[in-house]
Amino acid sequence: MLSFILRRLLIAIPTIILISIFVFALQKFLPGDPILAMAGEERDPETIAFLREKYRLNDPIPLQYLTWVGNALAGDLGISLRTNQPVLELIGEKLPVTIQLATMAMIFAMVIGIPAGILSAVRKGTVIDYAANVIALSGLSIPNFWLGIMLILLLSVKLQLLPASGYVPFADDPLRSIQVMVMPAFVLGTALAATLMRHTRSAMLSVLTSDYVRTARAKGLSERRVILKHAFRNALTPIVTLSALLFGELIAGAVLTEQIFTVPGFGKLIVDAVFNRDYAVVQGIVLVTAVGFIVMNLLADAAYVLLNPRLRS
Amino acid sequence: MTLFRLTLGAALLGATALGAQAQDLRIGLASDADVLDPDQSRTFVGRIVYTALCDKLVDITPELEIVPQLATEWSFNDDNTALTMTLREGVTFHDGTAFNAEAVARNIERSQTLEESRRKSELSSIDSVEVLGDYEIRFNLTQPDVTVLAQLADRAGMMISPDAADEAGTDFGLNPVCSGPFKFEERVAQDRITLSAFADYWNADEIHLDSVTYLPIPDTTVRLANLQSGDLDIIDRLGATDLEQVRSAGGITVEEAVSLGYQGITFNIDNGDRGDNPWGNDARLRRALGLAVGRDIINQVVFNGAFRAGNQPFPPSSPWYDAEIPVPERDVEAARALLEEAGYPDGISLEVQVPNRPENMQLMQVVQSMASEAGIDVQITSKEFATMLQDQSAGDFTASQVGWSGRIDPDGNIHGFVTTGGGLNDAGYSSDEVDRLLNEARTVSDDAERKALYDQAQAILNEDMPILYLYHQTWLTALDDAIEGFVAYPDGMMRLEGVTKTEG
C-alpha cells in the first residue's frame with residue numbers, strides 16, 4: 001500500500017511541472033497587457049516602465065518561469081498585482097471557503113443522487129424510475145446561473161428566507177455560515193447529484209443481476225438487507241471513483257457558482273485574476289488546484305483498495 | 001408601585017439601549033477595490049472606500065464647486081504659479097499623528113516620488129512645497145496651472161499618516177491610516193472591507209454610523225437582490241434596466257447624479273499606420289456618423305432613458321458645457337449628404353472595437369443599426385477590455401468604443417485626449433489651435449474666461465471630431481428607505497456625512 005502511494009506521488013511530480021509550464025505559457029500568450037491595466041487611467045509612461053521592471057516582465061519568458069519556480073519552491077508564490085496581498089495568503093483565505101462549498105455541495109449531491117439511483121435501479125421500469133431520470137436530466141441540463149438567480153429571487157427577495165449572497169466564516173457563526181452557503185451548495189450539488197444518480201443506477205443494475213445477489217435472496221434475506229448490504233456495497237466502488245473524479249467538476253462548477261452568489265472562494269479568485277491579468281495569482285491557484293486534484297485521485301485509489309479486498313495483494 | 005416603577009424604568013432603559021445599538025452601514029459595490037493606498041490606487045470603487053477613509057485637502061459640492069475639507073482657505077498668486085493653503089487645526093490621523101503643514105508636504109512628496117505612485121501626472125505641475133507655518137503651506141508650480149486645485153479634491157489630495165506611510169512603504173495599502181471619518185478595520189479580498197467610526201474625527205458630529213462594510217458584488221441582479229432582501233443598505237450602480245421595477249416596488253429610493261465622465265467613439269486619426277484610412281483622413285465621415293446616430297435613441301433603447309445624451313466631453317448638466325453646440329438631432333439625410341460629399345455615395349464600412357461587456361455591445365448594436373440607414377456599415381469587433389486598451393494605445397484600430405470616468409476640473413476630460421502628444425491621445429489628433437486654447441485654459445483662474453477658451457476649442461473639436469461623444473452615465477445609487485441624508489454627487493462617491501440609518 002505504502003509503495004503504491006509513493007509510486008503514485010513520484011508520477012505526480014512531472015505532471016505538476018508540465019501543468020505549471022503549460023499555464024505559464026498560456027498566460028503569456030493571452031492578449032492584453034497587465035501593466036497597461038495596472039497603470040491606471042492616466043497610463044503614465046514612467047510608471048508603466050517601472051512596473052514592467054518591478055514585476056520582471058521584461059525578462060525572457062523561460063527566465064520568468066524559472067524565477068517563479070525558484071520562489072515557489074522557497075514557499076513564495078509572489079504578490080497579487082492588484083491588491084498587493086501575498087498569493088499564498090489569498091489562497092489560504094479562499095481555500096476554506098471553497099472546501100466548505102464543495103463539501104456541502106457533495107453532501108447535497110450524495111444525499112439526493114445515491115438514494116435516487118438505488119431507488120430507480122430497484123424499481124426499474126416503474127414510474128419512480130422514470131421520474132428520477134427526468135429529474136436527473138433536468139439537474140444536468142438546467143444551467144447553474146439560471147437556477148442560481150431564480151433561487152435568489154425566490155428565497156431571498158420574495159420569501160426573505162436566506163441571504164442572497166456573500167460568505168460568513170464557519171468559525172465566526174456556524175449557523176449563519178451554513179445559511180449563506182445553502183443556496184450555492186444546492187445549485188452546485190444538483191448537477192453532480194444527477195451524474196451520481198445515473199452512475200449509481202447503472203452500477204446497482206449490474207450488481208442486482210449478479211449471482212451472489214440471487215443467492216442472498218435465495219437464503220431468504222430481507223430485500224432491504226440484500227440491497228443495502230450486498231448490492232450497494234459492491235456498487236460503491238465505481239461510485240467512489242466517480243466522486244473523486246467529480247472533484248474536478250466541483251471546482252469547475254464552483255467557478256461559476258461562486259460568481260453568481262459572490263462567494264469569495266477559489267473560483268471567484270481565479271476568474272477575477274484571469275480578467276485582471278493577475279499572473280501571480282492565476283499561477284498560484286493552478287498549482288494548488290493541480291496538487292489538490294492529484295491528491296484527491298490518490299485518495300480515491302487508496303479508498304478503492306480499501307473497499308475492494310480483491311485489490312489488496 | 002415601586003416595583004412597577006422600577007420595571008418601567010428598566011424597560012425604558014432597555015429601549016434606549018436598543019435605540020443606541022451599533023449602526024452598521026452595508027454598501028454593495030460593483031467590483032472589488034484594488035490596493036487601498038491612495039497613491040497606488042487606480043479603481044473607481046477604491047475611491048468610494050477612500051471617501052469614508054481618507055479626507056482630502058478640498059472637496060466638491062454636487063454643483064462641482066470646490067469647498068474646504070482639510071484645507072480651510074486657499075488662494076492662487078496673481079500669475080497662478082503658486083497656491084497657498086491654510087489648513088484645518090485639531091485634525092489627527094487614525095494613528096494619533098497630528099495633521100499639519102509638514103504632513104501635507106510629506107504626502108505630496110510621497111505622491112510624487114514613490115515609484116509605484118499613480119499620482120505623478122496629476123501633481124506634475126507642483127515644483128516644490130513650502131511649509132510656511134504649522135498650518136500654512138504653499139505649492140510652487142512649474143507653470144501657471146489652476147487645475148491643480150481640483151486634483152487635490154481627489155486621490156492626489158488625500159492625506160495619509162506620513163509616519164505610517166514611511167513605515168509600511170508600498171505595503172501601506174494592507175493597513176491604510178488616514179484622517180477620514182472612518183478608520184480601517186479589516187479587508188478580506190473579494191468579500192468585504194470593514195471600517196469603523198473614528199472617534200477623534202474633526203467633524204464627528206456629522207457622522208451617525210458606527211461602522212461601514214463594503215461588499216463587492218459584481219452582478220447587478222444579485223446586488224439588487226441583496227438590497228431587496230435587506231442584506232444591504234446602499235448599492236452602487238443600479239442597472240438602468242432595473243430602475244422602473246425598483247421604483248414601482250417601493251421600499252427603495254434611487255438617488256441620481258450625472259457622472260463627470262463620458263462614453264463615445266475614438267477614431268484613429270494619426271496613431272501609427274492604421275490612422276491612414278478614410279475615417280482617419282476625412283472629418284466629414286466622422287461627422288456623418290455623428291449625424292446618423294440619435295443620442296437620445298441610444299439613451300432610451302439601451303439605458304431606459306436613465307443616462308444623459310451628450311456631444312461634448314462634459315455633460316449638458318456641467319457648468320463647462322457649451323450650450324452653443326447642443327446635442328444634435330438625428331439627421332440621416334444630412335449624414336448621407338456628407339458621405340456623398342466625401343466621395344462615398346454608396347456608403348462605407350467602419351470597424352469599431354468594443355469591450356465585450358453586454359452594455360457596450362448593446363450600445364454598438366444600436367449605433368450599428370442607426371448608422372446602416374445612412375449607408376455606414378459598422379462592423380463590431382468585440383475584445384476583452386485589457387486587450388482593447390492595448391490595441392488602442394498601440395494604434396492598432398480604426399475606431400474604438402471607449403469612455404472616460406471623468407475629472408472634476410474640465411481639463412481632465414479633454415486636455416490629455418486631444419492635445420498633441422497627450423498621454424491619452426490614442427486618436428493621435430493634433431491641432432495647433434486646440435493645443436494653444438487648452439494650454440491657455442490651464443493658466444486662467446477666472447471661470448468665465450476659462451470657459452470661453454474651452455468653448456473655442458469645442459467648436460474646433462466638433463468639426464474635426466476625433467472623438468464622437470455619445471452619452472454620459474448617470475450614477476444610480478439605490479438606498480433602502482431606512483437610509484436618510486444621502487446625497488448623490490457627480491463624482492459617484494458616497495459621502496457618509498449626515499447619513500443616518502433607522503432600524504426598520
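Analyst: The account below begins with helix packing and then turns to the domains and the chain contact.

The model is predicted, so local features are reported only at pLDDT of at least 70 and side-chain atom pairs only at pLDDT 80 or more, while totals for chains, interfaces and linings use all residues. Residues are numbered from 1 along each chain as its sequence is written, and chains are lettered from A and ligands numbered from 1 in the order in which they are written.

Two packed helices are described by the angle between their axes and the distance between the axes. Helices here are DSSP runs (H or I, at least four residues; strands are E, at least two), numbered from the N terminus. Axes are lines fitted to C-alpha atoms, for helices over the stretch in contact, and angles run from 0 to 180 degrees between N-to-C directions.

In chain A, helix 8 (residues 174–208) packs on helix 10 (residues 223–260) at an angle of about 155°, and their axes are 9 Å apart. Helix 8 of chain A is therefore roughly antiparallel to helix 10 of chain A; angles over 145 degrees count as roughly antiparallel, those under 35 as roughly parallel, 65 to 115 as roughly perpendicular and the rest as oblique. The crossing of these two helices of chain A is right-handed, a term used when the near helix is turned clockwise from the far one by less than a right angle, anticlockwise being left-handed. Their contact comprises 19 nonpolar, 6 polar and 1 charged residues. In this classification Ala, Val, Leu, Ile, Met, Phe, Trp, Tyr, Cys and Pro are nonpolar, Asp, Glu, Lys and Arg are charged, and the others, Gly among them, are polar.

Helix 10 of chain A also packs with helix 12 (residues 279–307) of chain A, at about 175° and with the axes 9 Å apart. These two helices of chain A are therefore roughly antiparallel to each other. Residues are in contact when their C-beta atoms, placed from the backbone, lie within 7 Å. Among the contributors are A:V240, A:A244 and A:F247 of helix 10 and A:F293, A:M296 and A:A300 of helix 12. The contact holds 12 nonpolar, 5 polar and no charged residues.

In chain B, helix 10 (residues 295–303) and helix 12 (residues 358–373) pack at about 135°, with their axes 10 Å apart. That angle makes helix 10 of chain B oblique to helix 12 of chain B. B:I297, B:I298, B:V301 and B:V302 of helix 10 meet B:Q362, B:L363, B:V366 and B:M370 of helix 12. By class, this contact in chain B has 7 nonpolar, 1 polar and no charged residues.

The domain bounds come from an automatic or database domain assignment. For chain A that assignment gives domain 1 (2–71) and domain 2 (94–275), whose C-alpha centres lie 35 Å apart. For chain B it gives domain 1 (2–36 + 180–258 + 476–501), domain 2 (58–165) and domain 3 (262–472). The C-alpha centres of domains 1 and 2 of chain B lie 30 Å apart, and their contact takes 9 residues from domain 1 and 8 residues from domain 2.

Between the chains, the contact takes 35 residues from chain B and 38 residues from chain A. On the chain B side, helix 6 (220–228) and helix 13 (385–393) are the elements that give two or more residues. That side divides into 11 nonpolar, 14 polar and 10 charged residues.

How values were computed: Contact = placed C-beta atoms within 7 Å.
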